Amino acid sequence: MTIPEVVDIFEDYTRKENIPSRFIDLDRLCLVDIDAIKNAHRLIIESIEEADIERHTSYANQRREDVIRIIVKGVVKYAILSHTWRRGLDRFRYSDMVSDAPRTGPGWHKVEQFCDIAKASFRCRFAWADIVCIDYTNRLDRELATQSLFDWYRNAYVCIAHLATASDPSDMGHDAWFYRGFTLTELLAPMRMKFYGAGWKALNDDYIDNDKADGGFLELLSEASGIPADDLRTFWPGPDRIRHKLSWASGRDTTTVEDKAYCLMAMFDARIPVNYGEGEKAFTRLMIDVVPKSGECDVFAWAGPCSHDHPGIPPFPAGFGEHHRDEQLNATKHHYRLCGDRSFSMGLDHLRIRVVLLEISLPPEGRASYKPVPFLHSASLSEVTLLHPQYLSDAESNTRMAVGVIDYGWTASPDKGILRKSDRYFCFLLHKSSQSEGWQKVLTEKVVFLSNGQELTQELELLCI
């Protein structure tokens, strides 16, 4: 007798937001829609019995719904491809897949190899590959894939990753796969991955069906990607550790400017409208959506140019790269949730944040020195290099300079911040001219750090930049 709960979970699981709406049928090498997937598995789903649910229950208090979902996922098995398309060489698209023309060329060979492995090595009946299964001329098709990418890769039985130039795990970090935007999600989302290199040779032992479960290979993967092994093994998306996650993406590139933001949506569990043609506004919108939810002030530890639309946000994840820091930030877990201004706010074109403000001097050669005004206080700054050196020569003689310490400590008074002796803090470099009403951020090539020489408790100042 059919169990209604099982059927309901099956129907929910096979919604197009959870798994792709179009697959390659590995028996016929043709595209089929989600209805074909449902029809192929419905009899098995309807034959699931209470004994099957009991057999799959791992521990006493495991939720029944979770057990059924595991069973359903085991029935609806599909393989998913992660790779990079070589422009001009891999010319095989959705239109070629639905055409009656002969299938030839390196693009088709890649799809064919992927399908062979999915069927022979992992016993999958269906598979998915991006450009083959997505009609990029259809705006809705493209938007759905962009917004659902993480779930599609997370729910796959196996992700088959092809690193076309890698010949050994020790050199796989040089492959273009580690420098593309969307492959970041494709690396984090799957629970089971198998990596193949040049000539579709397995980069790890053939008998290991999940390279993420092999500690040695996982360490090499961590070294190549710059992502901790624990995150590679089990990653959960959400609006937390924003700076860390953006640093993982800082060295990656995308075909379109907008995809620098869209490829990160899933990592933060964010849903912003996809609007190709908006340029770097996409990253600004993503940050405005995600940053206020985090409560982490280290998201402001960036350097380089700012967005054309927002002075408090870099235009791309590159601003969070390690090349913009000469010193390391605090590595303690949750540290940046327990300091600084947790009530900061971001609008479409401004940031409001409270800081400990300290005036400095910045002579023409650009090397900042600490100016203890109006009190006697001991501290030193990291070397400051302006992004636009001509700023100093263009500035008015009566321009005031300051640093706004972002990650100050909390005190019993919500209106005061504390800088503790011998601690380091990161700052905004600020300027204020006689014609401006408030302090403005000065762009620097590196994040500015302040090393504090003696304890200081001071009233906070609200910055509106």
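Which residues are buried in helix α1 (residues 4–13)? In this helix, Val6, Val7, Ile9, Phe10 and Tyr13 are buried, where buried means under 20% relative accessible area, exposed over 50%, and partly exposed in between (1.4 Å probe, protein chains only). These five residues lie on the same side of α1, because they cover an arc of only 165° around the axis, the arc being that of the directions from the helix axis to the C-beta atoms. The buried residues of α1 pack against α2 (34–46), α3 (50–56) and α4 (64–75), with contact meaning heavy atoms within 4.5 Å. Helices (H or I, at least four residues) and strands (E, at least two) are DSSP runs, numbered from the N terminus.

The model is predicted, so local features need pLDDT of at least 70 and side-chain atom pairs count only at pLDDT 80 or more, while totals for chains, interfaces and linings use all residues. Residues are numbered from 1 along each chain as its sequence is written, and side-chain values use heavy atoms, with hydrogens and water left out.

Next come the pockets. On a 1 Å grid over the protein atoms alone, a pocket is an open set of points where a 1.4 Å probe fits, with protein on both sides within 12 Å along at least five of seven lines; lining residues have an atom within 4 Å of a point. The largest pocket has a volume of about 1000 Å³, a volume being the space filled by probe spheres set on the points, which are joined across faces, edges and corners. Of its 34 lining residues, Pro228, Arg241, His244, Ser247 and Trp248 are the closest to its centre. Helix α12 gives the most to this lining, with 4 residues. The second largest pocket has a volume of about 830 Å³. Its lining holds 33 residues, and Trp85, Asp130, Ile131, Arg180 and Thr255 lie nearest its centre. Here the largest share, 4 residues, comes from α8.

Finally, the cysteines. With a disulfide taken as a pair of cysteine sulfur atoms within 2.5 Å, the count is 0. The sulfur of Cys297 is too far for a bond because the closest cysteine sulfur, in Cys339, is 3.8 Å away. Cys297 is buried, at 2% relative accessible area. For Cys30, the closest cysteine sulfur is in Cys115, 11 Å away and also too far; Cys30 is partly exposed, at 21% relative accessibility.
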